[in-house]
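Please examine the sequence and the 3D structure shown below. The paragraphs after them are meant to be read alongside both.

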Amino acid sequence: MFNLIMAIQILSFFFIFQSISRYRFTIREITVWLAVFLWIGFVSTYFIGVWGAVTLFLCFIGISYFKNHKAITALGVFYGAYALVMNSFLGYLAAEPLTRLVEFIFRQSSANIDYLPYLLTAMAPPVINEIGLRAVRRYVPQLNKEILQESSRVILFPVIILFMVIILAVYPILSIGNATGDFNSFHRTLLVGMWLLFIVALLYMQFQYNHIQKREMEKSKSEQLVQLKDYAAQLEKIYDEFRGFRHDYANILLTLEDGIYREDWEQVKQVYEQTVKPTGQLMRKNEYSFVKLRNLHVSEVKSILAAKIIMAQQMKIDVSLEIEEPVPSIQMELISFTRILSILLDNAIEAAAKTEEAKLWIVLLEDPAAQRVIIKNSSGENVSVRRLGERGYSTKGQGRGLGLYNVQQILKENNFVSLETEARPDLFSQTLILRKTGERK
């Protein structure tokens, strides 16, 4: 029975880690990792007692290392420290109530139930943790992993240090308690203090995240304001051109009418070459792509598209924008969506600018099942579709390739969003699909 209880305690760490990290594991991965955990947990516990849990912490960092394309991140360390502290915290909280409950239920039974409180206490932490996380995620917006990672020095590092302090303070007390079978009042007070520090660390993390997110939103709004001003300036330019055309329209018709009436086909040809034909070219100019933005009713996305189109035009890229149906909202968290859109457009513009006939196509499709954002660009590079999204892979040289890697990390957190990629010798295309079967954010 002792081995069973210890096995459940070891597995509790893993389930709490999986619950907070939300890493996706295949059946094979789960089997391998659980076997590794049980083996390391039993061996380390046999030699160093409760400190054996620290070896599981190293295992958690190892899992995060492989899940993040062989990179150690502050977020991965946080997940491991959280699982270590939370398992001990919830086990400590649940131990006495479960013991009293078992004694009350079996108060008239003669069966040997000494092991039952320990068994239930070992099983309680992952269950309580999952219930708590589900409640938090229902009423509190989920933390954006990209923001956490980018601001790890402010948000995660202090929390990780506090977690380490808690571990170094709590585990000696637990070791003494396991050896003596009891905790004195000083130890109990210190444990309560450490658990309060744990709660303070989580509250600090939430406070800093909200502060940084608010600052990011204010920065984003300022950028959007500048982009919308550029958009308005382009629309004003288009309006001035149309107003000039309207002023000359009557004179053009009168000249054509006179030439046709007198059957002066040379005059008709001259009017066509000098006025009508240039007008047709004017109507096909890139600037008129902005008119298509009228169907997009999400100002944040409209401002990004306007800014990127202006950027592409300044780089002499022929831009085509199609938004045939009204787009009232985006089926994804806007911060994540705008990040993905900006990365895809930046990559497309940079690639198109290197080709002789630089072209960029942007299409937004709205249908009952999904929204699709199609971005195509002329290409002159051989791109490995299989390796796209790998950390560091790029056709642009060393030190690049983080854009699409970041896109893949964002997509992992959105079950109803996917990215399809097609590469041909002269054309590169990416389609972002936002399925409407998921919860609207």
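The model is predicted, so local features need pLDDT of at least 70 and side-chain atom pairs count only at pLDDT 80 or more, while totals for chains, interfaces and linings use all residues. Residues are numbered from 1 along each chain as its sequence is written, and side-chain values use heavy atoms, with hydrogens and water left out.

The secondary structure of the chain comes to 12 helices and five strands; helices (H or I, at least four residues) and strands (E, at least two) are DSSP runs, numbered from the N terminus. Of the 441 residues in the chain, 42% are buried, where buried means under 20% relative accessible area, exposed over 50% and partly exposed in between, with a 1.4 Å probe and protein chains only. Among contacts (heavy atoms within 4.5 Å) between residues at least 6 apart in sequence, 72% join residues at least 24 apart.

The five strands of an open sheet follow the order β1-β2-β3-β5-β4, with mixed pairing; two strands pair if DSSP finds at least two bridges between them. At the edges stand β1 (318-322) and β4 (417-423), each of which pairs on one side only. Strands of a sheet pair through backbone hydrogen bonds, either parallel or antiparallel. Both kinds can be found here. Five bridges join β1 to β2, which run parallel, and valine 319 stands opposite leucine 360 in β2. Strand β3 (residues 370-378) and strand β5 (residues 427-435) run antiparallel and are joined by nine bridges.

In a regular strand the side chains alternate between the two faces of the sheet. Helix α11 (residues 334-352) lies across β2 (359-366), β3, β4 and β5, and runs at about 20 degrees to β3; axes are lines fitted to C-alpha atoms, for helices over the stretch in contact, and angles run from 0 to 180 degrees between N-to-C directions.

Aromatic rings are the next topic. The structure holds 17 aromatic pairs. Rings of Phe, Tyr and Trp (its six-membered ring) pair if their centres lie within 6.5 Å; planes under 30 degrees apart count as stacked, over 60 as edge-to-face and the rest as tilted. The rings of phenylalanine 14 and phenylalanine 37 have centres 5.4 Å apart and planes at 75 degrees, so this pair is edge-to-face. The pair links distant parts of the chain, with phenylalanine 14 in helix α1 (residues 2-21) and phenylalanine 37 in helix α2 (residues 27-48), 23 residues apart. Phenylalanine 14 and phenylalanine 37 are both buried. Phenylalanine 78 and tyrosine 82 form a tilted pair, 6.1 Å centre to centre with 40 degrees between the planes. These two residues are four apart in helix α4 (residues 74-105), and so are separated by about one helical turn.

Finally, where does lysine 308 lie? Lysine 308 belongs to helix α10 (residues 299-314) and is buried, with a relative accessible area of 13%. Not counting residues up to four places away in sequence, lysine 308 touches Ser342, Leu345, Asp346 and Ile349. Its side chain makes a polar contact with the side chain of aspartate 346 (2.8 Å). A polar contact is a pair of N or O atoms within 3.5 Å; within protein, one must be able to donate a hydrogen and the other to accept it, and residues adjacent in sequence count only if both atoms are side-chain atoms.
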